[in-house]
Amino acid sequence: DTEGRVHDGKVMYYLPDCHRNKDKRYHPTWISDIKMRKNRFPGATHTSCHCFFGLHQLIPLFKDNREELLQKPVVIVEAEKTAFVLSERYPQYTWLAAGGLGEVQVDKFRQLRGHKVLMMPDTDLDGLAFKRWYDAAQTVMQQSFWEDSPPIHVSAFLEQNASHDQKQRKIDILDYLYE
(Lines give C-alpha, C1' and ligand atoms only; values in the text may rest on other atoms or scores of the structure.)
Protein backbone atom coordinates (compact mmCIF):
# COMPACT_ATOMS: atom_id res chain seq x y z
CA ASP A 1 0.00 0.00 0.00
CA THR A 2 1.08 3.65 0.13
CA GLU A 3 2.76 3.02 3.48
CA GLY A 4 4.83 0.13 2.15
CA ARG A 5 2.87 -2.57 4.01
CA VAL A 6 2.24 -5.98 2.43
CA HIS A 7 -1.41 -7.01 2.82
CA ASP A 8 -1.37 -10.50 1.30
CA GLY A 9 -0.09 -12.43 -1.69
CA LYS A 10 -2.03 -14.08 -4.48
CA VAL A 11 -0.99 -17.36 -6.10
CA MET A 12 -2.16 -17.77 -9.69
CA TYR A 13 -1.39 -20.32 -12.37
CA TYR A 14 -0.73 -19.46 -16.01
CA LEU A 15 -0.65 -21.47 -19.22
CA PRO A 16 2.27 -21.29 -21.69
CA ASP A 17 0.27 -18.75 -23.76
CA CYS A 18 0.33 -16.37 -20.75
CA HIS A 19 -3.41 -16.73 -20.07
CA ARG A 20 -4.57 -17.79 -16.64
CA ASN A 21 -5.25 -21.49 -16.10
CA LYS A 22 -8.95 -21.56 -15.24
CA ASP A 23 -9.02 -25.28 -14.43
CA LYS A 24 -10.72 -25.63 -11.02
CA ARG A 25 -7.65 -27.39 -9.65
CA TYR A 26 -5.68 -24.19 -10.24
CA HIS A 27 -8.05 -21.66 -8.74
CA PRO A 28 -6.23 -18.53 -7.49
CA THR A 29 -5.67 -18.48 -3.76
CA TRP A 30 -4.24 -16.14 -1.15
CA ILE A 31 -1.06 -16.72 0.85
CA SER A 32 -3.00 -16.03 4.06
CA ASP A 33 -5.36 -18.94 3.21
CA ILE A 34 -2.44 -21.26 2.46
CA LYS A 35 -0.82 -20.37 5.78
CA MET A 36 -4.05 -21.05 7.65
CA ARG A 37 -4.40 -24.49 6.03
CA LYS A 38 -0.72 -25.34 6.53
CA ASN A 39 -0.83 -24.48 10.21
CA ARG A 40 -4.06 -26.50 10.53
CA PHE A 41 -6.09 -24.15 12.63
CA PRO A 42 -9.44 -25.99 12.69
CA GLY A 43 -12.37 -23.65 12.39
CA ALA A 44 -10.11 -20.61 12.33
CA THR A 45 -11.06 -17.82 10.02
CA HIS A 46 -8.79 -15.17 8.66
CA THR A 47 -9.83 -12.03 6.91
CA SER A 48 -7.08 -10.07 5.28
CA CYS A 49 -7.51 -6.48 4.20
CA HIS A 50 -6.60 -6.32 0.53
CA CYS A 51 -5.57 -3.19 -1.36
CA PHE A 52 -5.09 -2.44 -5.04
CA PHE A 53 -2.15 -4.32 -6.55
CA GLY A 54 0.65 -1.86 -7.32
CA LEU A 55 -0.42 0.74 -4.76
CA HIS A 56 3.17 0.99 -3.50
CA GLN A 57 3.98 2.97 -6.67
CA LEU A 58 2.21 5.95 -5.09
CA ILE A 59 4.68 6.22 -2.23
CA PRO A 60 6.52 9.53 -2.68
CA LEU A 61 10.24 8.88 -2.92
CA PHE A 62 10.98 12.42 -1.86
CA LYS A 63 8.94 14.89 0.14
CA ASP A 64 8.62 17.24 -2.81
CA ASN A 65 7.47 14.71 -5.45
CA ARG A 66 3.96 14.10 -4.00
CA GLU A 67 2.57 16.71 -6.40
CA GLU A 68 4.26 14.93 -9.31
CA LEU A 69 2.57 11.65 -8.28
CA LEU A 70 -0.81 13.38 -8.13
CA GLN A 71 -0.38 14.61 -11.72
CA LYS A 72 0.28 11.11 -13.10
CA PRO A 73 -3.11 9.48 -13.84
CA VAL A 74 -3.91 6.19 -12.11
CA VAL A 75 -5.46 3.45 -14.25
CA ILE A 76 -7.21 0.57 -12.50
CA VAL A 77 -7.64 -2.71 -14.37
CA GLU A 78 -8.92 -6.06 -13.14
CA ALA A 79 -5.89 -8.34 -13.60
CA GLU A 80 -2.51 -7.97 -11.93
CA LYS A 81 -0.81 -9.25 -15.09
CA THR A 82 -2.45 -6.49 -17.13
CA ALA A 83 -1.28 -3.79 -14.71
CA PHE A 84 2.23 -5.19 -14.71
CA VAL A 85 2.58 -5.49 -18.50
CA LEU A 86 0.96 -2.16 -19.33
CA SER A 87 3.06 -0.30 -16.74
CA GLU A 88 6.06 -1.09 -18.94
CA ARG A 89 4.31 -0.14 -22.18
CA TYR A 90 2.62 3.02 -20.87
CA PRO A 91 4.78 4.40 -18.02
CA GLN A 92 3.03 7.78 -18.14
CA TYR A 93 0.28 6.14 -16.04
CA THR A 94 0.38 4.43 -12.67
CA TRP A 95 -1.22 1.02 -13.30
CA LEU A 96 -3.08 -0.70 -10.46
CA ALA A 97 -5.14 -3.89 -10.41
CA ALA A 98 -8.25 -4.69 -8.44
CA GLY A 99 -7.52 -8.41 -8.55
CA GLY A 100 -11.00 -9.40 -9.67
CA LEU A 101 -14.35 -8.10 -10.82
CA GLY A 102 -15.73 -7.94 -7.29
CA GLU A 103 -12.57 -6.51 -5.73
CA VAL A 104 -13.48 -2.85 -6.33
CA GLN A 105 -14.55 -1.79 -2.85
CA VAL A 106 -15.02 1.76 -1.64
CA ASP A 107 -12.39 1.59 1.12
CA LYS A 108 -9.66 0.66 -1.38
CA PHE A 109 -10.02 4.13 -2.92
CA ARG A 110 -9.09 6.00 0.27
CA GLN A 111 -5.39 5.90 -0.64
CA LEU A 112 -6.19 7.27 -4.12
CA ARG A 113 -7.71 10.49 -2.79
CA GLY A 114 -6.56 13.44 -4.87
CA HIS A 115 -5.47 11.32 -7.84
CA LYS A 116 -6.92 11.34 -11.35
CA VAL A 117 -8.41 7.84 -11.68
CA LEU A 118 -9.47 5.97 -14.81
CA MET A 119 -11.05 2.54 -14.38
CA MET A 120 -10.81 0.07 -17.30
CA PRO A 121 -13.02 -2.94 -16.55
CA ASP A 122 -12.92 -6.15 -18.54
CA THR A 123 -15.75 -6.64 -21.00
CA ASP A 124 -18.52 -9.23 -21.18
CA LEU A 125 -21.64 -9.92 -23.21
CA ASP A 126 -24.09 -8.26 -20.83
CA GLY A 127 -21.94 -5.29 -19.75
CA LEU A 128 -21.96 -6.46 -16.13
CA ALA A 129 -18.29 -5.61 -15.49
CA PHE A 130 -18.69 -2.07 -16.80
CA LYS A 131 -21.89 -1.52 -14.81
CA ARG A 132 -20.41 -2.84 -11.55
CA TRP A 133 -17.32 -0.65 -11.87
CA TYR A 134 -19.32 2.38 -12.97
CA ASP A 135 -21.62 1.99 -9.96
CA ALA A 136 -18.60 1.58 -7.67
CA ALA A 137 -17.03 4.78 -9.05
CA GLN A 138 -20.27 6.71 -8.43
CA THR A 139 -20.39 5.41 -4.86
CA VAL A 140 -16.76 6.38 -4.20
CA MET A 141 -17.29 9.90 -5.52
CA GLN A 142 -20.18 10.36 -3.07
CA GLN A 143 -17.97 9.57 -0.07
CA SER A 144 -16.71 12.39 2.13
CA PHE A 145 -13.09 11.19 1.80
CA TRP A 146 -13.28 11.78 -2.00
CA GLU A 147 -14.33 15.40 -1.58
CA ASP A 148 -12.18 17.79 -3.66
CA SER A 149 -10.70 14.87 -5.63
CA PRO A 150 -10.99 14.68 -9.42
CA PRO A 151 -13.93 12.69 -10.78
CA ILE A 152 -13.36 8.99 -11.41
CA HIS A 153 -13.79 8.04 -15.06
CA VAL A 154 -14.83 4.55 -16.13
CA SER A 155 -13.75 3.69 -19.66
CA ALA A 156 -16.39 2.28 -22.01
CA PHE A 157 -13.71 1.61 -24.65
CA LEU A 158 -14.05 -2.18 -24.57
CA GLU A 159 -17.84 -2.01 -24.41
CA GLN A 160 -17.80 0.07 -27.58
CA ASN A 161 -14.96 -1.60 -29.50
CA ALA A 162 -14.70 -5.27 -28.52
CA SER A 163 -16.25 -7.81 -30.87
CA HIS A 164 -18.99 -10.22 -29.80
CA ASP A 165 -16.36 -12.99 -29.60
CA GLN A 166 -14.06 -10.86 -27.44
CA LYS A 167 -16.93 -9.99 -25.09
CA GLN A 168 -17.85 -13.65 -24.87
CA ARG A 169 -14.26 -14.41 -23.84
CA LYS A 170 -14.38 -11.54 -21.29
CA ILE A 171 -11.18 -9.91 -22.51
CA ASP A 172 -9.41 -6.99 -20.89
CA ILE A 173 -7.52 -4.06 -22.40
CA LEU A 174 -4.27 -6.07 -22.59
CA ASP A 175 -5.97 -8.81 -24.62
CA TYR A 176 -7.52 -6.16 -26.88
CA LEU A 177 -4.20 -4.41 -27.52
CA TYR A 178 -2.34 -7.64 -28.29
CA GLU A 179 -5.05 -9.13 -30.51
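The model is predicted, so local features need pLDDT of at least 70 and side-chain atom pairs count only at pLDDT 80 or more, while totals for chains, interfaces and linings use all residues. Residues are numbered from 1 along each chain as its sequence is written, and side-chain values use heavy atoms, with hydrogens and water left out.

**Sheet and helices**

Helices (H or I, at least four residues) and strands (E, at least two) are DSSP runs, numbered from the N terminus. Two strands pair if DSSP finds at least two bridges between them. Four strands form an open sheet in the order 4-3-5-6, with parallel pairing. Strand 4 (94-97) and strand 6 (152-154) are at the edges with a single partner strand each, so one side of each has no neighbour in the sheet. On average, neighbouring strands of this sheet are turned by 25° against each other, direction ignored.

Four bridges join strand 3 (residues 74-77) to strand 4 in the parallel sense. Val74 has Thr94 of strand 4 as its bridge partner. Helix 3 (residues 80-89) packs on the sheet and touches strand 3 and strand 4, and its direction makes about 170° with that of strand 4. Helix 4 (residues 128-141) lies across strand 3, strand 5 (117-120) and strand 6, at about 170° to strand 6. Contact means heavy atoms within 4.5 Å. Axes are lines fitted to C-alpha atoms, for helices over the stretch in contact, and angles run from 0 to 180 degrees between N-to-C directions.

**Thr123**

Thr123 lies in the loop between strand 5 and helix 4. Its relative accessibility is 1%, so Thr123 counts as buried (buried is under 20% relative accessible area, exposed over 50%, partly exposed in between, with a 1.4 Å probe and protein chains only). Not counting residues up to four places away in sequence, Thr123 touches several residues, including Leu158, Ala162 and Lys170.

Most residues other than glycine have a negative phi.
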